[in-house]
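User: I want to learn how to read a model like this one, feature by feature. Please give me the general idea each time, then the case at hand.

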Amino acid sequence: MTTLSTEWWRAMGLAAPIVNAPMGGVAGGALAAAVSRAGGLGMVGIGSAGCALVLDEQLGHLRELDRPFGIGLVDWVIASEPQLLTAAIAANPALLSVSFGEDFSWVRRAHDAGIAAATQVGDLRAAARAVEAGCDVVIARGAEGGGHGEPTVGTLPLLAAILDHLSVPVLAAGGVSSGRALAAVLAAGASGAWLGTAFCACTETLLSDKARRALLAAQDTDTVSTRVFDIAQRYPWPATFPERVLRNRFTDRWHGHEQELSAEPHAQQALAAAIAADDHRLAPINAGQGVAMLRTVRPAAEVIDQLCAEAAHLVLGAVITVAARAARRDLQIRAMAMLEAHDGGLGGSARERRSAERMWPAVVAIEQLAYRTLAACWAMERGGGGVSAPEGGLSLFGPSGVARFTTLLDELSTAIQTGSAPPRLDQLPPFGAAEITTVRDSLVREIY
Ligand SMILES: Cc1cc2nc3c(=O)[nH]c(=O)nc-3n(C[C@H](O)[C@H](O)[C@H](O)COP(=O)(O)O)c2cc1C
């Protein structure tokens, strides 16, 4: 399990900052249970063709689950089947999302039942409306995302704008299918990531093997955001919410010719037959631009472990580098001061000697602080293990201490970068007075 976590995530009782997006026809109870067991938040998705009966069936997979889970619904679907919302609330999820609509009356009902409310938004104005309506968390769903959504703003600019302007926890969605993308959105300030496409090829989804193979074969340019499948299936999706799908013969023929399609019964019948036959030359497969990152069919827990491990390496690596550089520079400056004090102590006046003595405790304190920073960074990366400063400090400073700490920092930096064992402090090389000049010269070069 990863050490990667955020405040909102811990408050939700979760270990990994990942939600599987509620994906109608894909994210059923089995996927939700697997994601929740792996430390994320598993969501059951009920999409265009869903109903209370389907929800009940899928919830059957969660009966034994002792972890939080969520349910995600679609605005116009609950408007046409209110029983679905009632059933979702009765199931007592930790998180309820209703997306793609303007009616937020469900938020109060969720809150009355002690359930956190979430919705997907495609721009800053929609985010502000959602917060005003009482949503506890908003999902910044960028244009590159799979399935339905407003394809106006990309994930990173949308996430940045919402984080800059609103103080509600934000989950990032759209194109987050790699450890790098997860690291990017967490580093930007997201409280977690809402992943759809990344889970589509998992063993626990409701998709057929044929559909999984099509996903694995897809490239990043193989998706298109279109309304053709909704028009041909007569789903009442608002025109502002097309869906991103894998391009196929149907999209090649009809995308851009929507009016013609709506008056073309043969095309509609051919599509219905292809869907029944699981023939993806015509039938839709929802997927975002991150589809090219899918490599194998595997369990959701493996996807979560890999994404979190990669993201942790990147995020913590950046923190460590910055902290190590800052600590090193700080120590170099202190060392210069110490060297000057040392020189003063050796051959200077009585005033200089007193100054050197006064300075000593401060130098040692700073040295310990800097070392502890590095040790903490190290321990963080190693998941809680790592080095600890010996009782009472390291006493690296002294007339011969400068080279020791320089060597130590070099070795620590190398150890952090390569993942090897940290240096043993008692094995650091001794340092002679003759080297003071060399060290001081190199410090002068680095500092000034
Ligand atoms: C196969 C699939 C089905 C989806 N179905 C739904 C759905 O039923 N309800 C919903 O709120 N969002 C749905 N979405 C959209 C996701 O909630 C989310 O916005 C999207 O997956 C994020 O982008 P990504 O696919 O690049 O991770 C679906 C997405 C996919 C890929």
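User: Which element supplies the largest share of the shell around the ligand?

Analyst: First, the ground rules. This is a predicted model: local features need pLDDT of at least 70, side-chain atom pairs count only at pLDDT 80 or more, and totals for chains, interfaces and linings use all residues. Residues are numbered from 1 along each chain as its sequence is written. Next, the terms. A residue is near a molecule or strand if its C-beta atom, placed from the backbone, lies within 6 Å of it. Helices (H or I, at least four residues) and strands (E, at least two) are DSSP runs, numbered from the N terminus. Now the case: α10 gives the largest share of the shell, three residues. β3 (69-74), β7 (147-148) and α10 (197-200) each supply at least two.

User: Which residues come nearest to the ligand?

Analyst: Gly145, Gly146, Gly147, Gly196 and Gly288, out of 30 residues around the ligand.

User: How do the shell residues divide by type?

Analyst: Sort by side chain. Ala, Val, Leu, Ile, Met, Phe, Trp, Tyr, Cys and Pro count as nonpolar, Asp, Glu, Lys and Arg as charged, and the others, Gly among them, as polar. Here the shell has 11 nonpolar residues, 18 polar and one charged.

User: How many helices and strands are there in the chain?

Analyst: The chain has 19 helices and 11 strands.

User: What share of the chain counts as buried?

Analyst: Count neighbours. A residue is buried if 20 or more other C-beta atoms lie within 10 Å of its own, exposed if 12 or fewer, and partly exposed in between; these C-beta atoms are placed from the backbone. By that count, 45% of the 448 residues are buried.

User: Which strands form the open sheet that includes β7?

Analyst: Start with pairing: two strands pair if DSSP finds at least two bridges between them. This open sheet has three strands in the order β7-β11-β10, paired antiparallel. β7 and β10 (223-226) stand at the edges with a single partner strand each, so one side of each has no neighbour in the sheet. Two bridges join β7 to β11 (residues 243-246). Histidine 148 stands opposite glutamate 243 in β11.

User: Where do the residues of β2 point, and are they buried or exposed?

Analyst: In β2 (residues 42-45), Gly42 and Val44 point one way, Met43 and Gly45 the other, and all are buried. β2 pairs with β3 in the parallel sense over four bridges. Methionine 43 stands opposite glycine 70 in β3.

User: What is the handedness of the crossover from β2 to β3?

Analyst: Look with the strands pointing away from you. A crossover is right-handed if the path from the first strand over the helix to the second then runs clockwise. From β2 the chain passes through α3 (residues 52-59) to β3, and this β-α-β crossover is right-handed.

User: Which residues cover the two faces of β8?

Analyst: In β8 (residues 170-173), Val170 and Ala172 lie on one side, Leu171 and Ala173 on the other, and all are buried. Four bridges join β8 to β6 (residues 137-141), running parallel. Alanine 140 stands opposite alanine 172. β8 also pairs in the parallel sense with β9 (residues 192-195), over three bridges. There, the bridge partner of alanine 173 is tryptophan 194. The chain crosses from β8 through α9 to β9, again as a β-α-β unit, and this crossover is right-handed.

User: Why is α9 largely enclosed?

Analyst: Seven of the 10 residues of α9 (residues 179-188) are buried, so the rest of the structure largely encloses the helix. Among them are Leu182, Val185 and Leu186. Just after α9, glycine 189 takes a positive phi of about 120°.

User: What is the mean pLDDT of the chain?

Analyst: pLDDT is the predictor's confidence in each residue, from 0 to 100. The chain mean is 81, and 69% of residues reach 70 or more. Over residues 422-448 the pLDDT is below 50. Over residues 376-402 the pLDDT stays under 50 too.

Conventions: Two residues are in contact if their C-beta atoms, placed from the backbone, lie within 7 Å.
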